[in-house]
Amino acid sequence: MVVFFVLIASGCVTRNYDSNMDLGKSQLNEENYLEAHEAFELAYKEAKTPKSRELMDLSGLLASGMKKYDEQDFESANKDFEEATAYKAKYREGKQMVSKAAEIHPVSDSATIEAVVGNDEVKSTEETTEETTEETTEEGSKAEDEAATDTKGKEGSKDSDRSLSKSQAEKLVRDYVDMENFSQLQIEYDHDAEKGDYIFHVFEVDEPSQKSGHKTTWGWYGVNKETKEVYEVM
C-alpha cells in the first residue's frame, strides 16, 4: 500500500514537472522570459533536476536584465546579461538563452540595446550609431572566433584519447549531472548499448539505509567511448 501511494505521488510530480517545463519552453519561444522563469521555477520545485535549474537560472537572468533595461538601469541590466553569457549551459534551451544574452551584453548604451532587442528607435547622432554598430560587429566576430576555437579544442581532445574506461565514463556523468550538488543521488553502470556506449542509471533511494529502499529514477545517461560525449537516454 505504501509503495502504491509513492507511485501515485511520483506520477503526479512527473506530470506537474513536465507541464511546467513545456510551458516554460513555450514562453521561451515567445521570448517571454519572466513567464518562462516562473514556469521553470515551478518545475524545479516539483523535481530539482539539473535541466530545470539551468533553465530557471538563465530565464531569470534574462528577465531581470530586460526589466532593468526598461527601467533605464543599463549598467545593472548589462551585469545580468554578462552573468548569463558566462553561464556554462548544458542543454539546448539553455545554450539558446546564453546566445541571446551574448547578443545583448556587449552593448553599453540604451540606443544599441534597443536595436539588439528589436526596437527600431536609434539615436539621431550618426557618429554614435556607427561607433556602437562597429563595436557590436567586432564583439560578435570575437565571440564566434572564440566559439570556433573552443569547438576545435574539444574535438582535438576527443581525438587524442580514444580509450575510455567505465570509471572515467562514470565521472563524466557525475560532472554532467552535477551530482556534487545533489548528495541524495546515486549512480550505477547498467549496460553497454548496441553501439558500445556506456549506459548509466542515476537515481534516488527513498530509504538509503535499507537495501530494499524504493529507487526513484533521476535519469538514464549514455557516454560515447570515443568522443566522451554524455547524453540523456530517452
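Me: Contact means heavy atoms within 4.5 Å. With that in hand, what share of the contacts in the protein with a separation of 6 or more comes from residues 24 or more positions apart?

Reply: Those residues account for 47% of them. Bear in mind that this is a predicted model, where local features need pLDDT of at least 70 and side-chain atom pairs count only at pLDDT 80 or more, while totals for chains, interfaces and linings use all residues. Residues are numbered from 1 along each chain as its sequence is written, and side-chain values use heavy atoms, with hydrogens and water left out.

Me: What makes up the secondary structure of the protein?

Reply: Eight helices and four strands, running α-α-α-α-α-α-α-α-β-β-β-β from the N terminus. They are DSSP runs numbered from that end: helices are H or I with at least four residues, strands are E with at least two.

Me: Why are α3 and α4 called roughly antiparallel?

Reply: Helix α3 (residues 50–70) packs against α4 at about 160 degrees, with the axes 8 Å apart. Axes are lines fitted to C-alpha atoms, for helices over the stretch in contact, and angles between N-to-C directions run from 0 to 180 degrees. Under 35 degrees is roughly parallel, over 145 roughly antiparallel, 65 to 115 roughly perpendicular and the rest oblique, so α3 and α4 come out as roughly antiparallel. Residues making the contact include Leu-58, Leu-61 and Met-66 of α3 and Phe-74, Ala-77 and Phe-81 of α4.

Me: And what makes α2 roughly antiparallel to α3?

Reply: Helix α2 (residues 33–46) and α3 pack at about 150 degrees, again with axes 8 Å apart. That angle makes the two roughly antiparallel. Among the residues in this contact are Phe-40 and Tyr-44 of α2, and Met-56 and Met-66 of α3.

Me: How do you know that Tyr-91 and Tyr-176 form an aromatic pair, and what kind is it?

Reply: The structure holds seven aromatic pairs. For Tyr-91 and Tyr-176, the values are 6.1 Å centre to centre and 65 degrees between the planes, which is edge-to-face. Rings of Phe, Tyr and Trp (its six-membered ring) pair if their centres lie within 6.5 Å; planes under 30 degrees apart are stacked, over 60 edge-to-face and the rest tilted.

Me: Where do the two tyrosines sit?

Reply: Tyr-91 is in the loop between α4 (74–85) and α5 (92–104), and Tyr-176 is in helix α8 (residues 166–177), 85 residues away in the chain. Ring pairs also bring in Tyr-221, linking it with Tyr-91 and Tyr-176 into a cluster.

Me: Why are Tyr-91 and Tyr-176 called buried?

Reply: Buried means under 20% relative accessible area, exposed over 50%, partly exposed in between (1.4 Å probe, protein chains only). Tyr-91 has 6%, so it is buried, and Tyr-176 has 14%, so it is buried too.

Me: What makes Tyr-189 and Phe-200 edge-to-face?

Reply: Their ring centres are 5.9 Å apart and their planes stand at 75 degrees, so the edge-to-face label applies. Tyr-189 is in strand β1 (residues 185–192) and Phe-200 in strand β2 (residues 198–205), so the pair ties together parts 11 residues apart in sequence. Tyr-189, at 30%, is partly exposed, whereas Phe-200, at 0%, is buried.

Me: How do you know that Lys-225 lies over the face of Tyr-198?

Reply: Lys-225 is 4.4 Å from the ring centre. A charge sits over a ring if NZ of Lys or CZ of Arg is within 6 Å of the ring centre and within 35 degrees of the ring normal. Lys-48 likewise lies over the face of Tyr-44, at 5.5 Å.
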